[in-house]
Amino acid sequence: MNQASGLQTLTLTGLRFDANLGILAHEKNAPQPIQVDAELSLGAQPLAPHDDDIEHVLDYRKVRQIIIDECTAEHVNLLESLIGKLAQRLMQLPGVRGVRVKIAKLEIFDDCEVAIRMETGQW
């Protein structure tokens with residue numbers, strides 16, 4: 001008898017921290033606040049984990065730390081470069097079939113948010 005399953009997505013929304021990012025002089029001299037939203041497609045999963053053990057699921061604490069580490073590891077000139085690097089890293093996590101990630105620079109303009117969104121893998 002098959003256990004009921006559904007398509008599972010792990011989502012982190014509104015993760016804010018400072019990163020070394022940008023081509024302008026003030027961006028090269030000091031970190032600036034960014035916001036990261038990430039969705040990780042985990043494909044078909046049982047509606048209830050068989051043993052309720054954190055070791056058998058993707059730990060969102062690890063995902064959060066990977067996002068912060070990847071975005072703060074070094075200065076990156078382009079948002080496009082950073083989001084590509086982050087998407088690749090998240091795709092390497094066990095069980096991840098697809099990644100949607102958005103990185104926003106929060107203090108570039110007074111009247112709008114600037115962001116890049118990338119989607120890769122299977123959804």
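This is a predicted model: local features need pLDDT of at least 70, side-chain atom pairs count only at pLDDT 80 or more; totals for chains, interfaces and linings use all residues.

Residues are numbered from 1 along each chain as its sequence is written, and side-chain values use heavy atoms, with hydrogens and water left out.

Still zoomed out, the C-alpha trace spans about 60 × 25 × 20 Å along its principal axes. Of the 123 residues, 35% count as buried, meaning under 20% relative accessible area with a 1.4 Å probe and protein chains only; exposed is over 50%, and partly exposed is in between.

Next, select Glu 27 and Lys 105 and show their side chains. They meet in a salt bridge (3.0 Å, N to O), a term for a side-chain nitrogen of Lys or Arg within 4 Å of a carboxyl oxygen of Asp or Glu. Glu 27 sits in helix H1 and Lys 105 in strand S3 (residues 98-105), 78 residues apart, so you are looking at a link between distant parts of the chain. Are these two residues buried or exposed? Both are buried.

Now move to Glu 39. Which residues join Glu 39 in a network of salt bridges? Select Arg 100, Arg 117 and Glu 119 to see the rest of it. Glu 39 pairs with Arg 100, with the closest N and O atoms 3.7 Å apart. Because Glu 39 belongs to strand S2 and Arg 100 to strand S3, this pair ties together parts 61 residues apart in sequence. Glu 39 also meets Arg 117 at 3.7 Å, N to O; Arg 117 lies in strand S4 (residues 114-121), so here the parts tied together are 78 residues apart in sequence. Glu 39 itself is partly exposed, at 23% relative accessibility.

For the last stop, select Asp 51, Asp 52, Asp 53 and Glu 55, which form a negative surface patch. Patch members have over 30% relative accessible area and no salt bridge, with like charges joined within 9 Å. Asp 53 is in the loop between strand S2 (32-46) and helix H2 (60-72).

Definitions and conventions. Patches are made of residues with over 30% relative accessible area and no salt bridge: like charges are joined within 9 Å, nonpolar side chains (Val, Leu, Ile, Met, Phe, Trp, Tyr) within 5 Å. Accessible areas come from the Shrake-Rupley method with a 1.4 Å probe; for residues, only the protein chains shown count as cover. Lys and Arg count as positive and Asp and Glu as negative; His and the chain ends are not counted. The place of a charge is taken as NZ of Lys, CZ of Arg, CG of Asp or CD of Glu. Helices (H or I, at least four residues) and strands (E, at least two) are DSSP runs, numbered from the N terminus.
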